[in-house]
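Hi everyone, thanks for making time for this. Please have a look at the sequence and the structure while I walk you through them.

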Amino acid sequence: MIYLDNAATTPMSAVAISAMTQVMQETYGNPSSIHSHGRQAGKLLREARQDLASLLGTKPQHLFFTAGGTESNNTAIIGHCLRHQNLGKHIITTAIEHHSVLEPIEYLVENFGFEVTILQPINQEISAQQVQEALRDDTILVSTMYANNETGTLLPISEIGELLKQHQAAYHVDAVQAVGKVPIFPETLGIDFLSASAHKFHGPKGIGFLYSATMDFDSYLHGGDQEQKKRAGTENLPAIVGMVAALKEALEKQEQHFKEVEELKDVFLHEMTGADYYLNQGKIQLPYVLNIGFPGQKNDLLLLRLDLAGISISTGSACTAGIVQISHVLEAFYGPESHRLHESVRISISPQNTIQEMKQLAETLKEIIGG
Ligand code: PLP
């Protein structure tokens, strides 16, 4: 069995499992309780937040824990826009965002009279200049991803952050696919909100965090004082500790992992020499994601045949009731009529994959497309 769908989710690292298990066994108190069990849990929570802050070059009061990328994105977008709508009702985003960014924005447009400018990639690229041209006096939020989940394409985060320093608009970055893979220090990048999700960097599922420069946004969970009153509800301490352990390891080994994954990608492409394929990608790419198309091959059938061979990859686009949807990212890159929309699959690599696995993937793919 070969797992190459790491952009969907990653297997948990041994350090994260061990850190979580220890908390579940030993520190089961509620961090808000005042007795010793509670105080012990509260101490662990403070330490986890402090460790996370150090890893991101920020202060613990700028970080709060969420149930993952979707909640972080919704909180930043809806919370910021509802709080600051007196300054304007215009939002800028891109056509290649994850649905957990596009749909909260759609919700604001449909229910609260916001307007959105959706930037279309030009030659598979979103530029800071496009953001500049779309900015208006009433723009209050710009939301772009750091790295695209379907293609691995990087966006010019620091350039956009720099540009927005001169404007009232807050900058939200969905960094779910980048955290743990590239160094990220939100304060030096001019970012106001940054979303992350633990299960994308070998941590547990259902836990993530949101960095907020000001913590000045409407919260939508009420009924408790946790997380500076920004997110009521008892904290998921085992998952929080597991997430921070996973991120610490990912960042300590970041350069090494980046090189290993690059090598795995190169081995695969080398093995594919002579095969009939094309890559769907932008100018600047993370090596972790390879979006690849095969002329004349239906991607859903390809996935099925790979699955039968024990290899798990995906198209990268949303799946509803087991049916693969057309990718809105490839549609934005290549247009709605492109054959690429029906022929492309996503291979997403982690440092836990091996050279042997990449060779086997290439061999199986060549067998399938050749026969
Ligand atoms: N943003 C991006 C870019 C993603 O790839 C994903 C997950 O695929 C999410 C947000 C949502 O994260 P979560 O699964 O933690 O809700």
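Let's start at a ring with a charge above it: Lys230 lies over the face of Phe217, 4.7 Å from the ring centre. Please keep in mind that this is a predicted model. There is another arrangement of this kind, where Arg340 sits over the face of Tyr334, at 4.1 Å from the ring centre.

Let's stay with the rings for a moment. How many aromatic pairs does a search of the whole structure find? The search finds five. One of them is Phe193 with Phe217, an edge-to-face pair with 5.9 Å from centre to centre and 70 degrees between the planes. This pair links distant parts of the chain: Phe193 belongs to strand 7, residues 193-197, while Phe217 is in the loop between strand 8 and helix 7, 24 residues apart.

Now look at Phe258 and Tyr288. Their ring centres are 6.1 Å apart and their planes are at 70 degrees, so this pair is edge-to-face. Phe258 lies in helix 8, residues 254-271, and Tyr288 lies in the loop between strand 9 and strand 10, so the pair ties together parts that are 30 residues apart in sequence. Phe258 is partly exposed, with a relative accessible area of 23%, whereas Tyr288 counts as buried at 5%. The reason is the cut-off, because buried means under 20% relative accessible area.

Before we leave the rings, let's go back to Phe217. Together with Phe64 and Phe193, Phe217 forms one aromatic cluster.

On to the charged pairs. The count of salt bridges comes to 12, and I'd like to show you some of them. In one, the side chains of Arg83 and Asp216 meet at 2.7 Å, N to O. Here too distant parts of the chain are linked: Arg83 is in helix 3 and Asp216 is in the loop between strand 8 and helix 7, 133 residues apart. Arg83 is partly exposed, at 33% relative accessible area, and Asp216 is partly exposed as well, at 29%.

Glu115 and Arg136 also meet in a salt bridge, at 3.1 Å from N to O. Glu115 is in strand 4 and Arg136 is in the loop between helix 5 and strand 5, 21 residues apart. Their relative accessible areas are 44% for Glu115 and 29% for Arg136.

Then there is Glu162 with Lys165, where the closest N and O atoms are 3.1 Å apart.

Let's finish with helix 4, residues 99-112. At 1.5 Å a residue, its 14 residues should span 20 Å, and the end C-alpha atoms are 19 Å apart, which agrees. Which residues of helix 4 are buried? They are Ser100, Val101, Leu102, Pro104, Ile105 and Leu108. What covers these buried residues includes helix 3, helix 10 and strands 3, 4, 5 and 6. Just after helix 4 comes Gly113, which takes a positive phi of about 70 degrees.

How values were computed:
Residues numbered from 1 in each chain as written. Predicted model: local features only at pLDDT ≥ 70, side-chain atom pairs only at ≥ 80, totals over all residues. Heavy atoms only, no water. Helix = DSSP H or I, 4+ residues; strand = E, 2+ residues; numbered from the N terminus. Expected span 1.5 Å × (residues − 1). Buried < 20%, exposed > 50% of the residue type's maximum accessible area, 1.4 Å probe, protein only. Contact = heavy atoms within 4.5 Å. Salt bridge = Lys/Arg side-chain N within 4 Å of Asp/Glu carboxyl O. Phe/Tyr/Trp six-rings, centres within 6.5 Å; stacked < 30°, edge-to-face > 60°. Lys NZ or Arg CZ within 6 Å of the ring centre and 35° of its normal.
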